Amino acid sequence: MSLGLPSGSDLGSIDFDAPATHRYTGEEWDRAKEKTEQSGVPVEADLTYQNTLEGYLSLRNGRNAAQLQPTDASETAADCARAARVGGFTESAMSTWDLPAKTVLCVLTDKGNIARVVITDFIGGNPQSSIAPPTQIALEVTLWKPGT
């Protein structure tokens, strides 16, 4: 999968449960958040990517996630679920390039599934600049559903 960084106030999103990516305009995203507040049902997106200067990769409300270093990242569903429940990851400004390739995120989705997300590559951006985050983040995703 790949998560792109749209320009302006737009944002890219990824829903691991579907699995699918979606690009929202700023207005569409505001409407989706408003609908969420009224209904109490979380937005579909598990992660969003926005802001062309900072490149905020953000975990959405209703999810829990842990950031693991490649050397500490088990590949089992139970270990990833345990790490996700402990949490610790909420957001990263990708313009700082502090989530290198091979970083693992274990995400507990709004549907109760566990996603093991490995950052595999970056497209665009400039690691030597503090205002040039990657324009795309390539991801390898494994999804486990409860009882499987």
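Guide: Start with E44 and K111. Their side chains meet in a salt bridge, 3.5 Å from N to O. E44 sits in the loop between helix 1 (26–39) and strand 4 (47–50). K111 sits in the loop between strand 8 (104–108) and strand 9 (114–123). The pair therefore ties together parts that are 67 residues apart in sequence.

A few ground rules. This is a predicted model, in which local features need pLDDT of at least 70 and side-chain atom pairs count only at pLDDT 80 or more, while totals for chains, interfaces and linings use all residues. Residues are numbered from 1 along each chain as its sequence is written, and side-chain values use heavy atoms, leaving out hydrogens and water. A salt bridge means a side-chain nitrogen of Lys or Arg within 4 Å of a carboxyl oxygen of Asp or Glu. Helices (H or I, at least four residues) and strands (E, at least two) are DSSP runs, numbered from the N terminus.

Back to the pair. E44 is partly exposed, at 39% relative accessibility. K111 is partly exposed too, at 47%. The scale is simple: buried is under 20% relative accessible area, exposed is over 50%, and partly exposed lies in between (1.4 Å probe, protein chains only).

K111 also bridges to D110, with the closest N and O atoms 3.4 Å apart. D110 is partly exposed, with a relative accessible area of 22%. Shared partners join E44, D46, R63, D110 and K111 into one network of salt bridges.

The whole structure holds 6 salt bridges. One of them links R23 and D10, whose closest N and O atoms are 3.3 Å apart. R23 is in strand 3 (residues 20–24). D10 is in the loop between strand 1 (2–4) and strand 2 (11–15). The two residues are 13 apart, and they link distant parts of the chain. R23 is partly exposed at 47%, whereas D10 is buried at 16%.

Now look at charge on the surface. E27, E28, D30, E34 and E37 gather there in a negative patch. Patches take residues with over 30% relative accessible area and no salt bridge, joining like charges within 9 Å and nonpolar side chains (Val, Leu, Ile, Met, Phe, Trp, Tyr) within 5 Å. E34 is partly exposed, at 46%.

Last, the rings. The structure has 2 aromatic pairs. In one, the ring centres of Y24 and W29 are 5.0 Å apart and the planes meet at 70°, so the pair is edge-to-face. Rings of Phe, Tyr and Trp (its six-membered ring) pair if their centres lie within 6.5 Å; planes under 30 degrees apart are stacked, over 60 edge-to-face, and the rest tilted. Y24 is buried at 13%, and W29 is buried at 5%. W97 and F122 also pair edge-to-face, with centres 5.3 Å apart and planes at 70°. W97 lies in the loop between strand 7 (91–93) and strand 8, and F122 lies in strand 9, so this pair ties together parts 25 residues apart in sequence. W97 is buried at 18%. F122 is buried, also at 18%.

Technical notes
Areas by Shrake-Rupley, 256 points an atom, 1.4 Å probe, with all protein chains shown as cover. Lys, Arg positive; Asp, Glu negative; His and termini not counted. Charge placed at Lys NZ, Arg CZ, Asp CG, Glu CD.
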